[in-house]
Amino acid sequence: YTVGTLKILRKELGEDTEILLAIGADNALDMPTWFKPESVLTLSQVIVLARPGFDQSRVDPSLAEQMEFFETPLFDISSSDIRARVRSGRPIHYLVPPRVEDYIRKHDLYR
């Protein structure tokens, strides 16, 4: 659970260290179903990276008031497309960082 990871980080880093947890807007919508979501918000500053047009009012208001929302640019990149490109032998070098591309090739992923 996220809360468990944050508790470990808090213990290791100390109370004075700010912990930022960046999540996507879809995670913000699902946060009420998380294990101890209030503790997650107590242990970290939750940063929500929302795509243009995301309706922040859909997020549980009691949780949303403790989050910071940032609109991010919309990149037309999909993990499904990346996997399909690898399977078909097409390039992915402008879609992922070089180290990720190297890792995928080295470990023969998505074939």
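The points below move from the whole chain to the sheet and then to one residue.

1. Overall make-up. This is a predicted model, and in it the protein has six helices and three strands, which follow one another from the N terminus as α-β-α-α-β-α-β-α-α. Its radius of gyration is 18 Å, well over the 13 Å that the globule rule gives for 111 residues, so the protein is more spread out than a compact globule.

2. Extent and burial. Taken along the principal axes, the box filled by the C-alpha atoms is roughly 45 × 35 × 20 Å. Of the 111 residues, 25% are buried, and the accessible surface comes to about 7900 Å², with 52% of that belonging to carbon and sulfur atoms.

3. The sheet. Three strands form an open sheet in the order β1-β2-β3, and their pairing is parallel. Because β1 (20–24) and β3 (67–71) stand at the edges, each with a single partner strand, one side of each is left without a neighbour in the sheet. From one strand to the next the twist averages 25°.

4. The pairing of β2 with β3. Strand β2, residues 45–50, runs parallel to β3 and is joined to it by five bridges; on the β3 side, F70 is the bridge partner of L49.

5. Residue S44. This serine lies in the loop between α3 (37–43) and β2. With a relative accessible area of 7%, S44 counts as buried, because the cut-off is under 20%. The S44 side chain reaches the backbone oxygen of V40 at 2.9 Å, and, leaving aside residues up to four places away in sequence, S44 touches L6, I19 and L21.

Note on methods
Residues numbered from 1 in each chain as written. Predicted model: local features only at pLDDT ≥ 70, side-chain atom pairs only at ≥ 80, totals over all residues. Heavy atoms only, no water. Pairing = 2+ DSSP bridges. Helix = DSSP H or I, 4+ residues; strand = E, 2+ residues; numbered from the N terminus. Axes fitted to C-alpha atoms, helices over the stretch in contact; angles between N-to-C directions. Buried < 20%, exposed > 50% of the residue type's maximum accessible area, 1.4 Å probe, protein only. Polar contact = N/O pair within 3.5 Å; in protein donor to acceptor, adjacent residues only side chain to side chain. Contact = heavy atoms within 4.5 Å. Rg over C-alpha atoms; globule rule 2.2 N^0.38 Å. Areas by Shrake-Rupley, 256 points an atom, 1.4 Å probe, with all protein chains shown as cover.
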